[in-house]
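Trainee: I would like to go through the aromatic residues and the chain contacts of this structure. Can we take them one at a time?

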Amino acid sequence: MGGFFALFEDYDVVAAFWVNIQLAFWAGIASLVLGTILAVMRISPIASLRWFGTAYVNIFRNTPLTIIMVFSVLGLWGQLQVNFSTDFNLNFFLLAVLSLSIYHAAFVCEAIRSGVNTVPLGQAEAARSIGLSFLPAAWLIILPQAFRGAVAPLGNVLIALVKNTTVAAAASVAEASGLMKTMIEFRPDVMTQIFLTFAIGFVIIVIPIGLLTTWASKKLAVAR
Amino acid sequence: MSTQAVLFDVPGPKAKRRILVFNILGALLVLGILAVAVNGLAEKDQFEAAKWTPFLEWETWRFTLLPGLLATLRAAGVAVVTSIAFGLLFGFGRLSGLAPLRWVCNVVVEFFRAVPVLLMMIFLYQFFAKSTPMEASQSPFWAVVVALTLYNGSVIAELVRSGVFGLPKGQREAGLAIGLTPAQSLRSIEIPQALVAMLPALLGQFVVILKDSALGYIIGYTDLLANAQRFGAGAGNMLPALLVTALIFILINMLLTFTAQRLSRLLGARAGKLLEREDAIDPEGVEAPVR
């Protein structure tokens, strides 16, 4: 057991988790922006944008994240020579953020749409009756309430995103799951303890997000 | 709420013209983005016929894609069956009248829902290979199956529980009123209804299982993605190979989603109400929304 604790002197577990958190942070912001734009497209009066939004959600919701990640690395970087940064590691980090954002934007869009479903019809009617056209009505009346109704599903998307940052291992980003693999290969005798360390690390990150969003969704929900 | 009906007026002649203009602009914008992408790809010689024709040949499918697809479907299929078994077992456990059993099931379910599937897969792969008498060649397959089972089984257990909680309270009261014990009422009145109502959501979960089976690629399971990647590396057409792979996944998953939608309409109000509630309040299935 003493040997097990000595492992943490050789391997920086906290730094690996910090990479996951950073991936989740940047991809969270990017997918929130992209997902909101897609959600507005899907409720807009312009049919071509509605179709685009629907097609986007259907395509990316049904594609494995692993393929998107592999595509970014072997396709975008390997074949098309897309480089976001001259720094090798940062480049892969950004490719991973891009993949995570593209994938989770589809789920953010669905979450916001489910939030829109919680807004009563009368709100939209009232917005129309005071003369607001589509964009102001969506921006000032519908979306603010939709976001408050969408806190819980958005929280679920965030939790999924945090867990999915491990898939960045396929883009050779040095994050937690990759470090766990290395550590287990080096010390197979304590592999269960190593796994439990990493598993509990994710439990510690994920459970507070769940509790926080559940609390926030109750606090922010519009009383009706 | 159907926002579309009121967020904008029924268009008059002027608005119709404006919408048409925006429609054309929107279509042009989308086409423009596509054109830039296509042009960029063409400049990198991605549209050479030689890169795409292999996917029209039977040999490619016979020796590369179909065996890969079969491996993917095998892992996902076994995981579907075991996940349902795991989910029912722990779902019932969470509804049990015995408090300690309920707690244990709660802890197990919450733990496996919080741990990334890939983390479990990597661990199980090493565990099966090094600490069990299992043949080394078999360990990736079982790592994929068991990891998918632990995660998706937990989600299904939660579906069972929320399905029962979503039933109208009167159902349980009626059971108790005719002299059933709480356990009997659960078994013979509540669970059968919850199971029927959760069928569409269950199909949605199969989409998640199929998608996550692609994680097996990372631990060296020779699934569809791994085969396509090897083929692409060998034939020098990585991009087309990955796109064809993605297309196969999308088609199968859209078929599953479509079936789930039909099923939820077929099951009518009961399933509809449960799903609506899930959707609006706490969509556990946001990974696989079914509507």
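Predicted model: local features only at pLDDT ≥ 70, side-chain atom pairs only at ≥ 80, totals over all residues.

Trainee: Is Tyr11(A) buried or exposed?

Mentor: A residue counts as buried under 20% relative accessible area. Tyr11(A) has 17%, so the term that applies is buried.

Trainee: How many aromatic pairs are there over all chains, and which kind is the pair of Tyr11(A) and Phe186(A)?

Mentor: A search of the whole structure gives 16 aromatic pairs. In the pair of Tyr11(A) and Phe186(A), the ring centres are 6.2 Å apart and the planes stand at 65°. Planes over 60 degrees apart count as edge-to-face, so the pair of Tyr11(A) and Phe186(A) is edge-to-face.

Trainee: How many residues apart in sequence are the parts that this pair ties together?

Mentor: Tyr11(A) is in the loop between helix H1 (2-10) and helix H2 (13-42) of chain A. Phe186(A) belongs to helix H9 (residues 176-186) of chain A, so the parts tied together are apart in sequence by 175 residues.

Trainee: Which kind of pair do Phe86(B) and Phe90(B) form?

Mentor: Both residues are in helix H4 (residues 58-95) of chain B, and because they are four residues apart, about one helical turn separates them. Phe86(B) is buried at 14% relative accessibility, and Phe90(B) is buried at 17%. Their ring centres are 4.4 Å apart with the planes at 25°. Planes under 30 degrees apart count as stacked, so this pair is stacked.

Trainee: Which residue has its charged end over the ring of Phe141(B)?

Mentor: The charged end in question lies 4.3 Å from the centre of the Phe141(B) ring. It belongs to Arg74(B).

Trainee: What area is buried between chain A and chain B?

Mentor: The contact involves 70 residues of chain A and 61 residues of chain B. Carbon and sulfur atoms give 71% of the buried area. The total is about 5,800 Å².

Trainee: How many residue pairs are in polar contact between chain A and chain B, and how many salt bridges are there?

Mentor: For polar contact, with both residues at pLDDT 80 or more, the count is seven residue pairs. For salt bridges between chain A and chain B, the count is zero.

Trainee: Which helix gives the largest share of the side of chain A that touches chain B?

Mentor: Several helices of chain A each supply at least two residues of that side, including helix H3 (47-61), helix H5 (88-116) and helix H10 (191-220). The largest share is nine residues, and it comes from H10(A).

Technical notes. Residues numbered from 1 in each chain as written. Chains lettered and ligands numbered in written order. Heavy atoms only, no water. Phe/Tyr/Trp six-rings, centres within 6.5 Å; stacked < 30°, edge-to-face > 60°. Buried < 20%, exposed > 50% of the residue type's maximum accessible area, 1.4 Å probe, protein only. Lys NZ or Arg CZ within 6 Å of the ring centre and 35° of its normal. Contact = heavy atoms within 4.5 Å. Buried area = accessible area lost by both parts, 1.4 Å probe. Salt bridge = Lys/Arg side-chain N within 4 Å of Asp/Glu carboxyl O. Polar contact = N/O pair within 3.5 Å; in protein donor to acceptor, adjacent residues only side chain to side chain.
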